[in-house]
Amino acid sequence: GGTYEVNDLMIDDLTAGRYGEHASSLGAIMAKEIADRYQVPAYIVDPVSTDEFEEPARVSGVPEITRRCRGHALNIKAVSRHTAKEHGLSWKNSNFVVAHLGGGISVAAVRGGRIVDVNDGLLGMGPFSPERAGALPLEGLLDLAFSGKYTVAELKHKLSREAGLMGYLGTNDLTEVFHRIDAGDNLAANVYRAMVQQIVKELGAMAAVLKGQVARTIITGGMAKSERLCADLKAGIAFIAPVDVLAGSLELEALAQGVWRVLNGNEEARQYV
């Protein structure tokens with residue numbers, strides 16, 4: 001993690017999709033084009049490809065498959081830094097469990113400012129989300145993959161854009177899901193309860209990674225704007241640590257602050273190699 005000066009190698013890897021395809025990959029490319037016009041440097045801060053895993057977190061159980069450190073690193077770090085300041089804690093000497101709840105969900109164990117474990121919020125691990133499948137039973141996934149119904153690209157799209165709430169209920173809008181629950185839709189109620197349960201399970205797992213030594217549990221992201229969802233989550237995780245809700249994200253502020261720490265000499269910009 002940290003603040004990186006954008007260079008040509010970074011642009012090449014982003015353009016080629018070396019670490020996956022995501023809208024955030026456009027950030028450095030756009031920034032570099034603007035910066036070149038004015039002959040100033042461009043920076044990125046805590047990108048989604050930030051990798052601070054401790055080695056055991058990389059082991060999947062299958063030698064050919066490595067667990068990837070891929071999540072909402074910018075906001076996870078920003079809200080943990082903000083929460084530490086709010087409660088008079090040292091960010092570098094405190095542990096946090098953070099759930100970023102958006103179209104995708106990242107649940108992270110943050111130790112001393114580093115994301116030492118996190119589910120792959122794009123395609124592969126953790127709870128299902130409004131659009132993404134999350135972790136799946138392997139036998140069922142294999143049957144789906146070899147059913148002949150999908151190409152690899154089509155199945156990736158299905159699992160990352162047409163699964164979760166979208167797959168079961170045909171919507172990624174949590175407000176609509178609540179309307180359907182309140183109107184007596186049993187399927188919507190069951191799927192919603194399942195999503196809450198999976199998020200709570202992942203938060204508990206990350207607390208275990210930190211051996212229960214958690215200063216605060218943080219709920220953030222777009223879905224954290226729902227008081228109803230946050231109340232349901234708190235009921236399951238209050239035993240871990242006091243819970244803070246930072247609805248939405250601090251990503252734009254975090255970008256500016258990351259660069260400012262470099263410009264004022266508090267940090268040194270990292271080089272992508």
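A search of the whole structure turns up 14 salt bridges, where a salt bridge means a side-chain nitrogen of Lys or Arg within 4 Å of a carboxyl oxygen of Asp or Glu. Please keep in mind that this is a predicted model, in which local features need pLDDT of at least 70 and side-chain atom pairs count only at pLDDT 80 or more, while totals for chains, interfaces and linings use all residues. Residues are numbered from 1 along each chain as its sequence is written, and side-chain values use heavy atoms, with hydrogens and water left out. Helices (H or I, at least four residues) and strands (E, at least two) are DSSP runs, numbered from the N terminus. Buried stands for under 20% relative accessible area, exposed for over 50%, and partly exposed for what lies in between (1.4 Å probe, protein chains only).

**Salt bridges across the chain**

- Glutamate 52 pairs with lysine 77 in a salt bridge whose closest N and O atoms are 3.1 Å apart. Glutamate 52 sits in the loop between S2 and helix H3 (73-86) and lysine 77 in helix H3, so this pair ties together parts that are 25 residues apart in sequence. Both glutamate 52 and lysine 77 are buried.
- Glutamate 131 forms a salt bridge with arginine 161, and here the closest N and O atoms are 4.0 Å apart. Glutamate 131 is buried at a relative accessible area of 17%, whereas arginine 161 is partly exposed at 32%.
- Aspartate 244 and arginine 216 make a salt bridge with their closest N and O atoms 2.6 Å apart. Since aspartate 244 belongs to strand S7 (residues 243-247) and arginine 216 to strand S6 (residues 216-221), the pair ties together parts that are 28 residues apart in sequence. Aspartate 244 is buried, with a relative accessible area of 14%, and arginine 216 is buried too, at 17%.
- Asp51, Glu55 and Arg58 are joined in a network of salt bridges.

**Helix H1 and its surroundings**

- Helix H1 covers residues 8-16, and Met10, Ile11 and Asp13 are buried in it. Looking down the axis of H1, these buried residues fall within an arc of 165°, so they line one face of the helix; the arc is taken from the directions from the helix axis to the C-beta atoms.
- Asp8, Thr15 and Ala16 are exposed on the other side of H1.
- The buried residues of H1 pack against strand S1 (3-5), helix H2 (26-38) and strand S2 (43-45), with contact meaning heavy atoms within 4.5 Å.

**The open sheet**

- Three strands build an open sheet of mixed pairing, in the order S2-S1-S8. S2 and strand S8 (270-271) are the edge strands, each with a single partner, so one side of each has no neighbour in the sheet.
- S1 and S8 run parallel and are joined by two bridges; two strands count as paired if DSSP finds at least two bridges between them. Glutamate 5 has glutamine 271 in S8 as its bridge partner.

- Strand S3 (residues 95-101) runs antiparallel to S4, with seven bridges joining them. The two strands form a hairpin with three residues between them, and valine 97 has alanine 109 in S4 as its bridge partner.
- Six of the seven residues of strand S4 (residues 105-111) are buried, so the strand is largely enclosed by the rest of the structure.
- S4 and S5 also pair, in the antiparallel sense, over four bridges, and valine 110 stands opposite isoleucine 115 in S5. Their hairpin has two residues between the strands, and glycine 112 takes a positive phi near 60° there.

**Serine 160**

- Serine 160 is part of helix H5 (residues 152-161) and counts as buried at 13% relative accessibility.
- Leaving aside residues up to four places away in sequence, serine 160 touches Leu122, Leu123, Glu131 and Arg132.
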